[in-house]
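Subject: Handover of a structure and the findings from it

Dear colleague,

Please find the structure below, handed over for your study.

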Amino acid sequence: MSDKSMKLKDLTRLVANYEKDLNNFIKDKLNDNQVVALANTEMEKHLKKVRFLRRFSEIIAHQFNFPTRDDLANVSRLVMQLEDRLDHIEEMLIQTLGENGSIMEEDLQTIEGEANQQMNREEEDLKAGEGEGEKNSLRNRVLETLSQLGKQAVKDSIQDALSQRGNLRG
């Protein structure tokens, strides 16, 4: 058993010496200006290649009418804005119901009018962006679809509120 422990101690000492030598080698290379300059040059070459590939993939995506990372980010942002607007409309409906106990026809028309004005502004913004050509065609189609979904959601909310109003009166 002592023979095994001696071998283990020798192996441990050998590994410790090897680690020390390796660390010294790495420190020497990191302090060598030529190695640092070579690493910097290679890193710049790599960065140029990555930028070229990004531009190339964006060109290909536009050629095949695929959404790019920026397109997806814009759609995500628009969906979040739409959800916020729908939450705001829902809060307005709840607030109106809470104050009066029932929703008034005038209140519904006001809410619907505000929602339609907002949707119309978004449509005008969308149409203003159409002049940029095919580059934004996918974006425009997505925006138009989201706008239509938003209008439908507003109409559905108002119809639900009216049907609840009918149930409250009956």
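The term pLDDT stands for the predictor's confidence in each residue, on a scale from 0 to 100. The chain has a mean pLDDT of 77, and 72% of its residues reach 70 or more. This is a predicted model, in which local features need pLDDT of at least 70 and side-chain atom pairs count only at pLDDT 80 or more, while totals for chains, interfaces and linings use all residues. Residues are numbered from 1 along each chain as its sequence is written, and side-chain values use heavy atoms, with hydrogens and water left out.

Overall fold

The chain contains five helices and zero strands, giving the pattern α-α-α-α-α along the sequence. Helices (H or I, at least four residues) and strands (E, at least two) are DSSP runs, numbered from the N terminus. Confidence is highest in helix H2 (residues 33-63), with a mean of 91, and lowest in H5, with a mean of 67. Of the 170 residues in the chain, 16% are buried. Here buried means under 20% relative accessible area, exposed means over 50%, and partly exposed lies in between (1.4 Å probe, protein chains only).

H2 is made of 31 residues and spans 45 Å from its first C-alpha to its last, close to the 45 Å expected at 1.5 Å a residue. The expected span is 1.5 Å times one less than the number of residues in the helix. Glutamate 58 is placed in helix H2, and it counts as partly exposed because its relative accessibility is 37%. The C-alpha atom of glutamate 58 is 9.6 Å from that of aspartate 70, which is 12 residues away along the chain.

Most residues other than glycine have a negative phi. Asparagine 65 lies in the loop between H2 and H3, and with a relative accessibility of 35% it counts as partly exposed.

Salt bridges

How many salt bridges does a search of the whole structure find? The search finds two, where a salt bridge is a side-chain nitrogen of Lys or Arg within 4 Å of a carboxyl oxygen of Asp or Glu.

One joins the side chains of aspartate 10 and arginine 13, at 3.2 Å from N to O. Both residues belong to helix H1 (residues 2-31) and are three residues apart, about one turn of the helix. Aspartate 10 is partly exposed, at 40% relative accessibility.

Another links glutamate 42 to lysine 45, with 3.5 Å between the closest N and O atoms. These two residues, glutamate 42 and lysine 45, are about one helical turn apart because they are three residues apart in helix H2. An α-helix has 3.6 residues a turn, so residues three or four places apart point the same way. Glutamate 42 is partly exposed at 41% relative accessibility, and lysine 45 is also partly exposed, with a relative accessible area of 44%.

Nonpolar core

The largest nonpolar core has five residues: Ile89, Leu93, Ala115, Val154 and Ile158. Helix H3 (69-100) and helix H5 (137-169) are the elements that give two or more residues to this core. A nonpolar core is a set of buried Ala, Val, Leu, Ile, Met, Phe, Trp, Tyr and Cys residues joined through side-chain atoms within 4.5 Å.

Please read the findings above alongside the structure itself.

With kind regards
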